[in-house]
Amino acid sequence: NDLALIYSKEYCNTVAVYTTNKVKGAPILVTKENIKDGLAKAVIVNSVNANTCNVDGVEKAKKMCVLTANQLKISADDVIVASTGVIGQVLPIEPIEKGMEELVKGLSDKGNKSALEAIMTTDTMEKEIAVEFQLGGKKCTMGGMLKGSGMIHPNMATTLTFITTDVKIKTEFLQMALDDVVKTTLNRVSVDG
């Protein structure tokens, strides 16, 4: 269980923040390119291998997007990709390719536990939350899951966090909110710094 998928049938306004470390994994480079338009439909995440410091890392990250897109019948440019695990080892794409059909068949509104377990590496506990709240007189929901327990410096170095919401918000305001809140939350976490 080392492959997770988050999927929305509708386009989602999508923003991100990244590590400030000079060394960035190939998935970050591909994700930055894929969300330039501020939209996405899916997130594919593998654990065990970080796909960082690899000659073919970008090629493999793009391949993960294509494999996901083909199964979901969407554009590869609408897929966010993330990897976590050992740094500097070549990412074998074959197990991901073999597992993709089953992963997509297993998509479920109740699949959060499986997705959370799939992204955990050295974590000793699950980190997830879901909340409901009122905004403008409408019921809204927000859910999140996170992995990261070691080497979390500087500023989210190996932390992966995925937050989804049904709040209708423009991409630029979503980015402003994320940039603001991350300063007083995730960027305060330091395990080895």
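I129, V131, M142 and I163 make up a nonpolar surface patch with about 360 Å² of accessible area together. Patches consist of residues with over 30% relative accessible area and no salt bridge, like charges being joined within 9 Å and nonpolar side chains (Val, Leu, Ile, Met, Phe, Trp, Tyr) within 5 Å. Accessible areas come from the Shrake-Rupley method with a 1.4 Å probe, and for residues only the protein chains shown count as cover. The model is predicted: local features need pLDDT of at least 70, side-chain atom pairs count only at pLDDT 80 or more, and totals for chains, interfaces and linings use all residues. Residues are numbered from 1 along each chain as its sequence is written, and side-chain values use heavy atoms, with hydrogens and water left out.

- V131 is partly exposed because its relative accessibility is 36%, where buried means under 20% relative accessible area, exposed over 50%, and partly exposed in between (1.4 Å probe, protein chains only).
- Strands 4-5-6, in that order, form an open sheet of 3 strands with antiparallel pairing; two strands pair if DSSP finds at least two bridges between them.
- Strand 4 and strand 6 (160-165) are the edges, each with a single partner strand, so one side of each has no neighbour in the sheet.
- The twist from one strand to the next averages 15°; axes are lines fitted to C-alpha atoms, for helices over the stretch in contact, and angles run from 0 to 180 degrees between N-to-C directions.
- Strand 4 pairs with strand 5 (residues 138-147) in the antiparallel sense over 9 bridges, and I129 stands opposite G144 in strand 5.
- Helix 4 (residues 112-119) packs on this sheet and touches strand 4, strand 5 and strand 6, its direction making about 30° with that of strand 5; contact means heavy atoms within 4.5 Å.

**Sheet 1-2-3**

- An open sheet of 3 strands has the order 1-2-3 and mixed pairing.
- Strand 1 (3-13) and strand 3 are at the edges with a single partner strand each, so one side of each lacks a neighbour in the sheet.
- Strand 1 and strand 2 are paired in the antiparallel sense over 7 bridges, with A4 opposite V45 in strand 2.
- Helix 2 packs on the sheet, touching strand 1, strand 2 and strand 3, and its direction makes about 130° with that of strand 3.

**Helix 1 and T14**

- In helix 1 (residues 26-34), A26, P27, I28, V30, T31 and N34 are the buried residues; their cover includes strand 2 (39-46), helix 2 (57-72) and strand 3 (79-83).
- T14 sits in the loop between strand 1 and helix 1 and counts as buried at 10% relative accessibility.
- The C-alpha atoms of T14 and T171 are 6.5 Å apart, although the two are 157 residues apart along the chain.

**Salt bridges**

- The whole structure holds 7 salt bridges, each a side-chain nitrogen of Lys or Arg within 4 Å of a carboxyl oxygen of Asp or Glu.
- K113 bridges to E117, with the closest N and O atoms 3.2 Å apart; the two are separated by about one helical turn because they lie 4 residues apart in helix 4.
- K113, E117 and E126 are linked in a network of salt bridges.
- K139 and E132 meet in a salt bridge at 3.6 Å, N to O; K139 is exposed at 55%, and E132 is exposed at 54%.
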